[in-house]
Amino acid sequence: MGKLVAVILLGAGLALVGERFLTFRERMNAYREVESVEPQNCHLIEGIENGSEDIDILPSGLAFISSGLKYPGMPDFAPDEPGRIFLMDLNEQNPRVQELNISDGFDKASFNPHGMSTFIDKDQTVYLYVVNHPHMDSTVEIFKFEEQQRSLVYLKTIKHELLKSVNDIVVLGPEQFYATRDRYFTNFFLMLLELFMDLHWTQVLFYSPGEVKVVARGFSSANGITLSLDKKYIYVADVSDKNIHVMKIHDNWDLTQLKVIQLDTLVDNLTVDPDTGDILAGCHPNALKLLMYNTEDPPGSEALRIRNALSEKPMISTMYANSGSVLQGSSVASVYRGKLLIGTVFHKALYCEL
């Protein structure tokens, strides 16, 4: 009898693992091959070789680009090089990137930048908030941008027990922001188990000096986050569930979900077109290729535009798509006056004139 029970339990366990494995492959779009959609006037940006995970463009046309992210399970072509922040002036006829110098007092050697967000104060001072993973921890670094010197002045590091596995942030005011937590566990093997079992335990957090709280939960992997032009709504990407959550902001900074926009691609970072309010999404058409990197069959890239996000039927169009022959592992798309920038987790960056 004991052997029979053991066999039944073993069979049930194997069946569960098999079901989870098939479900995982479907969630990762393991069988999808992307069809090419490439504007004519595009070229790779010289000087960016090790990722451009997030891009934030100021109203003036100056674009901040984070580079050098080291993230568990992701390819890393420069493991011994610290992360960097680049600047690109999109008003120039032939824009080029320039690395921003970071002031003393900041540990540059362990800089591991992830998501970013800018804030412009009443006196027009620009502050750059950067999610950082020094030694695989999670902090938010605050810098003041010195435009004339093309440099960042380090001001402060924010840490909190709730700010774990932080992926992206959107700044609301001085030292006030929403942040996404893309994993519940911080242990690498437990992270893999969480991803495999699809636990839906990740969150969106609100941070201010006087209050830190969870304002939304139940995501498979909360990733990119951005603010609508009218500042009434937050858009949150759930990369594993392949969707975008539209959430209303309340006076106490709590969030209420209004709708979910379902896609057929894994959504990473989100930005908003400053002219139209459309959502732009950097996406992974086949994330299994990202997790199991093969130079002979690299991960592709995809950038989407979502119009009328609040309507019953948002319009979704493809701005760019490539099998990986040009651009691998796209993570963000951002526009400024007919110019498109597409960043990647670990690869290069693309500049297009639309």
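**Close-up 1. S66 and its bridge partner in strand β4.** Let's start with one pair of residues in this predicted model: S66 has I85 of β4 as its bridge partner.

**Close-up 2. Strand β4 meets strand β5.** Now look at how β4 pairs with β5, which covers residues 97-99. Three bridges link these two strands, and here again the word is antiparallel. To find your way around, pick out L87: the residue standing opposite, in β5, is Q98.

**Close-up 3. How enclosed is strand β4?** Strand β4 spans residues 84-89, and five of its six residues are buried.

**Close-up 4. N269, a residue with a UniProt label.** This view moves to strand β19 (residues 266-272), which is where N269 sits. The unreviewed UniProt entry puts a "glycosylation site" feature at N269. Is N269 buried or exposed in the model? Its relative accessible area is 0%, and buried means under 20%, so N269 counts as buried.

Close-up 5. Which residues touch N269, if you skip its neighbours within four places in sequence? Among them are E53, D54, N167, D168, N223 and G224. The list also includes L280, A281, G282, S331 and V332. Take a closer look at E53: its backbone oxygen lies 2.8 Å from a polar atom of the N269 side chain.

Note on methods: Residues are numbered from 1 along each chain as its sequence is written. This is a predicted model: local features need pLDDT of at least 70, side-chain atom pairs count only at pLDDT 80 or more; totals for chains, interfaces and linings use all residues. Side-chain values use heavy atoms; hydrogens and water are left out. Buried means under 20% relative accessible area, exposed over 50%, partly exposed in between (1.4 Å probe, protein chains only). Helices (H or I, at least four residues) and strands (E, at least two) are DSSP runs, numbered from the N terminus. Two strands pair if DSSP finds at least two bridges between them. UniProt positions are given in the numbering used here, feature names are shortened, and annotations may be inferred rather than shown by experiment. Contact means heavy atoms within 4.5 Å. A polar contact is a pair of N or O atoms within 3.5 Å; within protein, one must be able to donate a hydrogen and the other to accept it, and residues adjacent in sequence count only if both atoms are side-chain atoms.
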